[in-house]
Amino acid sequence: MSLFAVTSSEATPLLSRMMKYRPGFLVFPLLFAIAALANATTVIPPDFDQLVSRAEVIFEGEVTGLQSQWIGEGAEHRIVTFVTFKVDEALKGNPGATYTMRMLGGTVDGETIGVTDAPKFKVGDHDLLFVEHNGSQFVPLVGIQHGRFHIQKDQAGNDIVVTGEGQPMADVNQLGTNEEAVAKNKAPLSLRDFKTAVQTRLRQQQAALKIP
């Protein structure tokens, strides 16, 4: 995972640029530190148990709004994007009728900051999301792109689930492994079956916590 910055006229990796000035302040000290941290971070795909247990909020929803803006002052100055969802069903936690995630990156006045491997959202996207540390984590999803499952129609018009790696979900055991190999020659898992698997695992985890 790494951070990059783009202006309206150029696309240059952030780490190749030592500094960039905006009127009155230095923009990149914090971003340079973030980029170094991001580059030093290896995202290990979570397995199904980790995905369910680490998530603070799990919900199915549709993207209704995107808003990017500069926040913070001085070295804390950065672009973030607020992604708002209409919640269709909550599986864990209490997201409410609408839920907003804050993600590092976005475009404001022709300037773009982005995080590689971060999922890209657009209005109308239908997703199942596993959220952790919203408001404090660069991308508040379990395993970055691995915490977002896109919901789409198959040829028969049924809702199926696609992983952050772009593979149709065929078996929850494919998570954290070679997804393509596990999914091969298996029918895509329906959204209903995937949600049932999540709810079942949540009950199992909660029951395990009660065992003395």
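Colleague: Which residues are linked with Asp125 in a network of salt bridges?

Modeller: This is a predicted model, in which local features need pLDDT of at least 70 and side-chain atom pairs count only at pLDDT 80 or more, while totals for chains, interfaces and linings use all residues. Residues are numbered from 1 along each chain as its sequence is written, and side-chain values use heavy atoms, with hydrogens and water left out. A salt bridge here is a side-chain nitrogen of Lys or Arg within 4 Å of a carboxyl oxygen of Asp or Glu. By that rule, the network links Asp125 with Lys122, Asp127 and Arg148.

Colleague: Is Asp125 buried or exposed, and at what relative accessible area?

Modeller: Asp125 lies in the loop between strand S9 (111-115) and strand S10 (126-131); helices (H or I, at least four residues) and strands (E, at least two) are DSSP runs, numbered from the N terminus. Buried means under 20% relative accessible area, exposed over 50%, and partly exposed in between (1.4 Å probe, protein chains only). Asp125 is therefore buried, its relative accessible area being 4%.

Colleague: Which side chain does the side chain of Asp125 join in a polar contact of 3.0 Å?

Modeller: A polar contact is a pair of N or O atoms within 3.5 Å; within protein, one must be able to donate a hydrogen and the other to accept it, and residues adjacent in sequence count only if both atoms are side-chain atoms. Contact in general means heavy atoms within 4.5 Å. Not counting residues up to four places away in sequence, Asp125 touches Gly61, Glu62, Val63, Lys120, Arg148 and His150. The partner in the polar contact of 3.0 Å is Arg148.

Colleague: Is Lys122 buried or exposed?

Modeller: Lys122 lies in the loop between S9 and S10. Leaving aside neighbours within four places in sequence, Lys122 is in contact with Val63 and Leu66. Its relative accessible area is 53%, so Lys122 counts as exposed.

Colleague: How many salt bridges does the rule give?

Modeller: One of them joins the side chains of Asp49 and Arg201 (2.5 Å, N to O). This pair links distant parts of the chain, with Asp49 in helix H2 (residues 48-54) and Arg201 in helix H4 (residues 191-210), 152 residues apart. Asp49 is partly exposed at 36%, and Arg201 is partly exposed at 21% relative accessibility. The count by this rule comes to 11.

Colleague: How many residues apart are Glu60 and Lys195?

Modeller: The side chains of Glu60 and Lys195 meet in a salt bridge (2.7 Å, N to O). The pair links distant parts of the chain, Glu60 being in strand S5 (residues 57-71) and Lys195 in helix H4. Glu60 is buried at 8% relative accessible area, and Lys195 counts as buried at 12%.

Colleague: Which residue in the turn between S11 and S12 has a positive phi?

Modeller: Strand S11 (residues 148-153) and strand S12 (residues 159-162) pair in the antiparallel sense over 4 bridges, where pairing requires that DSSP finds at least two bridges between the strands. The side chains of Lys153 and Asp159 meet in a salt bridge (3.1 Å, N to O). S11 and S12 form a hairpin with 5 residues between them. The residue with a positive phi, of about 85 degrees, is Gly157.

Colleague: Which strand supplies the largest share of the lining of the largest pocket?

Modeller: On a 1 Å grid over the protein atoms alone, a pocket is an open set of points where a 1.4 Å probe fits, with protein on both sides within 12 Å along at least five of seven lines, and lining residues have an atom within 4 Å of a point. The largest pocket is lined by 18 residues, of which Thr81, Gly105, Gly106, Pro119 and Lys120 lie nearest its centre. S5, strand S6 (78-92), strand S7 (98-104), strand S8 (106-108) and S9 each supply at least two lining residues. The largest share, 4 residues, comes from S9.
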